[in-house]
Amino acid sequence: MSVLFPTRTILASKAATAATALLSSALLTPLTIADTVTPSPSQPLSAILPSHTGRTGSICFVANSSDKTTSDVMSGYHVFGTVKEIGVDDTGLRDFHRLYFTYPLYRDDGLVFYNDFFGKRKIKLTTYNPFKLFKSYKEMNNRLRDKKLEGNMTGEGMIQGGVVIFDKMGQARYAYEEETGSPLDIEDILAALKAIRDE
């Protein structure tokens with residue numbers, strides 16, 4: 001399936017309706033993360049959203065990782081995240097949850113967010129110039145070190161995620177595609193949060 005929604009966009013009315021319809025088929029498994037990762041029975045997104053919707057809306061990180069940046073603009077929104085898999089690197093998932101993303105996590109059972117919504121986009125080279133590749137790699141490692149983030153090479157790490165922002169009615173209103181190796185454009189995301197809040 002091709003990508004339906006462009007990178008970093010506030011979805012127009014028809015696109016928001018189409019996005020919400022597509023995401024309504026997502027089944028998410030709530031994860032309890034303590035000494036072990038324990039899945040609970042799967043639930044449709046429509047059953048999960050009400051418990052994660054603040055007075056303004058909700059933010060879903062379809063994530064391999066997340067920036068811990070917060071802002072007053074995020075008040076009124078509840079945050080949750082989805083992951084592709086469990087049982088492959090549960091130690092890494094526990095560390096991710098404990099150290100970097102303390103919000104509720106769900107496994108995207110049918111990979112609707114990853115494959116259908118974000119188009120099963122895989123990491124790819126942006127250049128074949130070895131000097132540019134090396135420079136980008138060093139910049140990414142410096143950002144990770146500065147933020148005290150660690151990663152590993154365990155599990156499926158090729159399919160990229162992103163951020164979906166829902167309004168208080170549960171309608172998908174904003175989509176931001178992850179670009180692995182590049183920092184999140186927090187200003188774009190905060191502008192979308194503010195735009196939805198100010199409606």
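Phe 101 is buried, with a relative accessible area of 2%; buried means under 20% relative accessible area, exposed over 50%, and partly exposed in between, with a 1.4 Å probe and protein chains only. The model is predicted, so local features need pLDDT of at least 70 and side-chain atom pairs count only at pLDDT 80 or more, whereas totals for chains, interfaces and linings use all residues. Residues are numbered from 1 along each chain as its sequence is written, and side-chain values use heavy atoms, with hydrogens and water left out.

Rings of Phe, Tyr and Trp (its six-membered ring) pair if their centres lie within 6.5 Å; planes under 30 degrees apart count as stacked, over 60 as edge-to-face and the rest as tilted. By this rule there are 4 aromatic pairs. The table gives two of them.

| Pair | Centre to centre | Angle between planes | Geometry |
|---|---|---|---|
| Phe 101 and Tyr 103 | 5.1 Å | 70° | edge-to-face |
| Phe 117 and Phe 118 | 4.9 Å | 85° | edge-to-face |

Tyr 103 is partly exposed, at a relative accessible area of 31%. Phe 117 and Phe 118 are both buried. Ring pairs also link Phe 96, Phe 101 and Tyr 103 into a cluster.

Helices (H or I, at least four residues) and strands (E, at least two) are DSSP runs numbered from the N terminus, and two strands pair if DSSP finds at least two bridges between them. Strand E8 (residues 162–167) runs antiparallel to E9 and is joined to it by 5 bridges. Phe 166 stands opposite Ala 172 in E9. The two strands form a hairpin with 4 residues between them, and Gly 170 in the turn has a positive phi of about 85°. In strand E9 (residues 172–177), 6 of the 6 residues are buried, so the strand is largely enclosed by the rest of the structure.
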